[in-house]
Amino acid sequence: MSKSVARQRNSLKHMRFMWFSAVLLVAILKAGQLLAEAPIMSAEQALESVASGDIVLIDIRSEQEWKESGLAAGAWPISMHRPDFATQLQTLLAQYAPEKIALICATGGRSSYIAEVLERNGIAGVVDVSEGMFGNQRGKGWIEKGLPLVDLKDAADAYDAARDTWAATN
């Protein structure tokens, strides 16, 4: 085989390698984007941020869960299990930047899921209180840490008052 043919083959192999490397790099970068987590916050950070007015905390669990355990102090009850959940989220997003909204559930699974779905759909920055009310590998959870709770009626009244304020200003 001539040196010219050998060089062409080596050049073709090099081009294939470079193309494969580029495709692999793009795939790795895309996978990283898909696996990116929403911003997270501990239960203590959420309590402090709610108290300072830096965030609004949304408890996305079911009504039955709220009745059984109570809600995190300052949280508004907006269940992801209700048919009007998306509409209620849109209303919140019209009032607050995504970074001002934090989600909490029982153990962090549902809040993480909703925050990531929002992010994949162009609404980045919604915070996940990742340890939830009952805890997981990221932390003990709101209740185990002894953070303040409110009952469903008080949480619903606070949410209704906020909605009344939005209606009056719009």
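Buried means under 20% relative accessible area, exposed means over 50%, and partly exposed is what falls in between (1.4 Å probe, protein chains only). These close-ups come from a predicted model, where local features need pLDDT of at least 70, side-chain atom pairs count only at pLDDT 80 or more, and totals for chains, interfaces and linings use all residues. Residues are numbered from 1 along each chain as its sequence is written, and side-chain values use heavy atoms, with hydrogens and water left out.

**View 1. R110 and E65 pair up across the chain.** The side chains of R110 and E65 form a salt bridge, 2.8 Å from N to O; the term stands for a side-chain nitrogen of Lys or Arg within 4 Å of a carboxyl oxygen of Asp or Glu. This one ties together distant parts of the chain, with R110 in helix α5 (residues 109-120) and E65 in helix α3, 45 residues apart. Helices here are DSSP runs of H or I with at least four residues, strands are runs of E with at least two, and both are numbered from the N terminus. R110 is partly exposed at 22% relative accessible area, while E65, at 18%, counts as buried. Searching the whole structure turns up eight salt bridges.

View 2. E63 is partly exposed at 41%, and K67 is exposed at 54%.

View 3. K145 is partly exposed, with a relative accessible area of 27%, whereas E131 is buried at 2%. Salt bridges with shared partners connect E44, E131 and K145 into one network.

**View 4. Helix α5 has a buried side.** S111, S112, I114, A115 and L118 of α5 are buried. They take up an arc of only 165° around the axis (judged by the directions from the helix axis to the C-beta atoms), so they lie on the same side of α5. Among the elements covering these buried residues are α4 (85-95), β5 (101-104) and β6. Just after α5, G122 has a positive phi of about 90°.

Conventions: Contact = heavy atoms within 4.5 Å.
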